[in-house]
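Thanks for making time this morning.

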Amino acid sequence: MKRRSPLPSITSPASIASIVSSPSSASTGGGEQSAAGTSSASASASGLGLGSSGSTFEGVVIDGVAMGTASPQLGESLHHSDRGSMQARAAALASSKKAFISLLADWICVVLLAGISIGIEKGSPFQRYITEGEVWMYSYPLKGNTYPSWAILPGCFLLPLVAITGCHFARRACSRKSQPVAVGGWSSLHSALLGLSMSIAFTLFVTTTVKLMVGRPRPDFIARCFGGEIPPEIPWRVPGYPACTGDEAKIAEGRKSFPSGHSSIAFAGLLYLTLYLADFLGVFSDGKTP
């Protein structure tokens with residue numbers, strides 16, 4: 001094998017062929033070997049895609065075959081491409097971290113609002129002045145709640161949660177059929193459940209706070225005040241404040257009539273579900289109203 005001198009920059013397969021077929025680069029064997037060298041060189045250059053694009057080709061001829069490497073511009077372009085992809089991955093990672101921190105902050109707010117509401121609910125409400133003319137408004141017999149308190153969570157939170165989750169999976173199932181519909185990923189379900197949780201937690205916080213600030217007596221306050229019985233004549237500790245003898249916890253609960261916890265929690269959960277179903281069914285789409 002004979003090593004030839006380095007070739008100058010070549011910009012086309014024809015230049016490679018002319019150098020390979022020249023007398024100075026030909027080996028023993030005559031025209032047949034030169035023709036083979038020309039064919040190999042042309043194929044090498046065209047295979048690299050350098051002749052038509054104008055890129056330079058530098059190398060040596062070994063046994064009639066042009067051997068070379070592409071110009072530095074190709075390496076620089078590959079370097080820039082790798083650096084761009086790395087920057088894109090870094091930007092995506094930073095964006096995902098910001099999104100995670102934002103969602104975590106939202107759930108922390110939900111938990112804090114719910115925890116604060118449960119904590120202050122045990123506080124002492126404002127003792128509102130009661131005139132003798134208002135006594136009849138608070139002299140109803142003591143009875144249990146028409147809608148029990150234990151049913152608030154299943155009816156106003158768990159029911160919307162199950163309905164929203166079911167609608168999400170139903171939409172995903174429809175998207176796989178002949179008439180696909182627009183469907184979001186898991187982030188859309190997460191956002192819907194986060195909105196429901198925030199609606200319930202914020203409403204609970206506002207309701208509990210206002211209850212303690214207002215201190216409006218319940219309709220059965222007098223019965224609570226005297227152990228379930230309504231005396232024929234109300235004894236007063238001082239004007240405007242009955243001399244209650246009943247259970248302190250029941251008396252304090254009797255001063256939390258406004259706003260209604262049942263009504264506000266039901267409104268927060270079921271109104272949210274109503275708006276979600278309206279969007280799910282496309283009630284307000286295309287500028288149409290029901």
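Let me start with the convention: angles under 35 degrees count as roughly parallel, over 145 as roughly antiparallel, 65 to 115 as roughly perpendicular, and the rest as oblique. What you see is a predicted model, in which local features need pLDDT of at least 70 and side-chain atom pairs count only at pLDDT 80 or more, while totals for chains, interfaces and linings use all residues. Residues are numbered from 1 along each chain as its sequence is written, and side-chain values use heavy atoms, with hydrogens and water left out.

Helices here are DSSP runs of H or I with at least four residues, numbered from the N terminus. The axes of α4 and α5 lie 10 Å apart and the two pack at an angle of about 165 degrees, where axes are lines fitted to C-alpha atoms over the stretch in contact and angles run from 0 to 180 degrees between N-to-C directions. The pair is therefore roughly antiparallel.

Contact, meaning heavy atoms within 4.5 Å, involves residues including Phe 157, Leu 161 and Ile 164 of α4, and Leu 189, Leu 196 and Ile 200 of α5.

Now to Asp 220, which sits in the loop between α5 and α6 (221-225). Is Asp 220 buried or exposed? With a relative accessibility of 10%, Asp 220 counts as buried, because buried means under 20% relative accessible area, exposed over 50%, and partly exposed in between, using a 1.4 Å probe and protein chains only. Leaving aside neighbours within four places in sequence, Asp 220 contacts Tyr 138, Tyr 140, Pro 141, Leu 142 and Lys 143.
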